[in-house]
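Work through the exercises below with the sequence and the 3D structure at hand. Try each task before reading its solution.

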Amino acid sequence: MDIQKLVTIIIPTYNRATKISDAIQSALNQTYQHTQIIVIDDGSTDNTVEILKKYPEIEYYYKENGGQASARNLGLKNAKGSIIASLDSDDIWYPDFLTKCVEKLESEQLDFVFANWNQETREGNNWDFLINDPFLKPYFKKKIGQWVNLEYSETRDLYIKACPSPSSSVVMRKSSIISGWDEKIKIGDDWCMYLDMILSKECHIAFTLEKLWNKRIDDINIYDGRKWSEVLEFLYVADLKRKMARFNHLLTKIELKLLQERYMASLVELSKHNLIRRFKVFTSFNLLGESLAMNIPFTLKTIPSVLLKSLQNKIKS
């Protein structure tokens with residue numbers, strides 16, 4: 001491969017002193033070596049800064065704690081590369097991650113690509129993540145080698161429904177980024193950024209089913225470290241409300257309806273959780289009232305299905 005584009009690797013971190021070295025080392029060990037490695041310390045209170053002194057190869061920036069999106073945006077501001085990759089400080093890239101992703105990105109002039117990974121579990125096992133993704137399975141029949149290319153309509157439909165590409169999996173063209181990571185988003189700032197790109201222009205993307213990195217989890221993961229009720233509250237209520245407002249003018253009527261129905265279903269489920277688990281009657285009624293105000297028939301239809309699902313989960317457990 002004769003590609004000499006500079007890749008800027010942005011590593012946001014917050015109190016990851018025990019794991020940050022593994023992430024940095026995995027970036028340094030890439031077979032694709034034309035890189036700029038930026039570590040953004042988002043106000044760590046542990047000994048992160050001492051750990052980072054061992055790596056003169058990196059650019060280090062410290063900022064007051066403001067969340068992962070603001071840390072990534074500072075990295076983007078200081079990026080010299082025409083290609084951007086954001087590596088979470090608890091994840092590990094395999095040596096060929098950048099080589100294979102950059103080659104695909106550049107040879108076909110794509111906007112972004114993403115790679116499959118080994119997903120750690122709390123039990124200590126690993127599993128192939130994307131091969132089990134129900135939103136991606138319809139596209140596996142298009143696989144050529146290990147790669148799947150998506151048409152724009154497929155990309156748009158996919159990212160309206162789900163986000164199959166966490167930050168550490170993506171390599172993207174800097175010129176394709178519209179406005180960076182949304183700092184008002186609580187969990188899914190990466191999802192929001194991809195939607196910003198996809199809804200604003202005709203994006204061309206691809207993904208590989210080859211596992212090129214390892215996703216680790218612990219209790220302070222933004223997504224995997226949270227309880228389901230917190231994910232529901234932040235990602236599927238607060239973040240979704242933000243995305244609907246921000247992209248309203250770019251969404252088709254069908255897309256907006258799909259997002260609204262997901263939002264209402266999340267309100268109903270969160271209402272149930274607040275009533276049954278937290279005994280917060282007022283909060284529960286407010287959430288249910290918001291859903292009813294949007295669409296009474298849909299909300300009334302959703303209530304029994306949410307309760308039935310909860311009962312089924314309780315029986316299984």
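**Exercise 1. An end of a helix**

In which helix is S107 found? Then classify S107 as buried or exposed.

Solution. This is a predicted model, in which local features need pLDDT of at least 70 and side-chain atom pairs count only at pLDDT 80 or more, while totals for chains, interfaces and linings use all residues. Residues are numbered from 1 along each chain as its sequence is written, and side-chain values use heavy atoms, with hydrogens and water left out.

Step 1. S107 is found in helix α4. Helices (H or I, at least four residues) and strands (E, at least two) are DSSP runs, numbered from the N terminus.

Step 2. Buried means under 20% relative accessible area, exposed over 50%, and partly exposed in between (1.4 Å probe, protein chains only). The relative accessible area of S107 is 55%, so S107 is exposed.

Step 3. S107 and Q68 are 39 residues apart along the chain, and their C-alpha atoms are separated by 31 Å.

**Exercise 2. A cysteine in helix α4**

Find where C101 is placed, and list what C101 touches beyond four places in sequence.

Solution. Step 1. Helix α4 also holds C101. C101 counts as buried because its relative accessibility is 0%.

Step 1. Contact means heavy atoms within 4.5 Å. Beyond four places in sequence, C101 touches V113, A115, W147, V171 and L212.

**Exercise 3. The largest nonpolar core**

Which residues touch the most other members of the largest nonpolar core?

Solution. Step 1. A nonpolar core is a set of buried Ala, Val, Leu, Ile, Met, Phe, Trp, Tyr and Cys residues joined through side-chain atoms within 4.5 Å. The largest one has 83 residues, and L98, F112, Y159, V171 and F207 touch the most other members.

Step 1. Domain bounds come from an automatic or database domain assignment.

Step 2. Take V171 as an example: its contacts beyond four places in sequence include F97, L98, C101, V102, L105 and F112.

Step 3. Between the domains, 17 residues of domain 1 are in contact with 18 residues of domain 2. The C-alpha centres of the two domains lie 29 Å apart.

**Exercise 4. Two helices in contact**

Describe how α7 and α8 cross, and sort the residues of their contact by type.

Solution. Step 1. Helix α7 covers residues 228–247 and helix α8 covers residues 253–276; their axes come within 9 Å and cross at roughly 145°. Axes are lines fitted to C-alpha atoms, for helices over the stretch in contact, and angles run from 0 to 180 degrees between N-to-C directions.

Step 1. The crossing of α7 past α8 is left-handed, a term used if the near helix is turned anticlockwise from the far one by less than a right angle (right-handed if clockwise).

Step 2. Among the α7 residues that meet α8 are W228, L232, Y236 and L240, and the α8 residues include L259, Y263, L267 and H273. The residues of this contact divide into ten nonpolar, four polar and four charged. Here Ala, Val, Leu, Ile, Met, Phe, Trp, Tyr, Cys and Pro count as nonpolar, Asp, Glu, Lys and Arg as charged, and the others, Gly among them, as polar.

Step 3. H273 is buried because its relative accessible area is 14%. Leaving aside neighbours within four places in sequence, H273 is in contact with S229 and R278.

**Exercise 5. Strand and loop**

Is T8 buried or exposed? Where is N15 placed?

Solution. Step 1. T8 is in strand β1 (residues 7–13). T8 counts as buried because its relative accessibility is 0%.

Step 1. T8 and Q36 are 28 residues apart in sequence, yet 4.6 Å apart in space, C-alpha to C-alpha.

Step 2. N15 is in the loop between β1 and α1 (20–28). The phi of N15 is near 50°, a positive value in a residue other than glycine.
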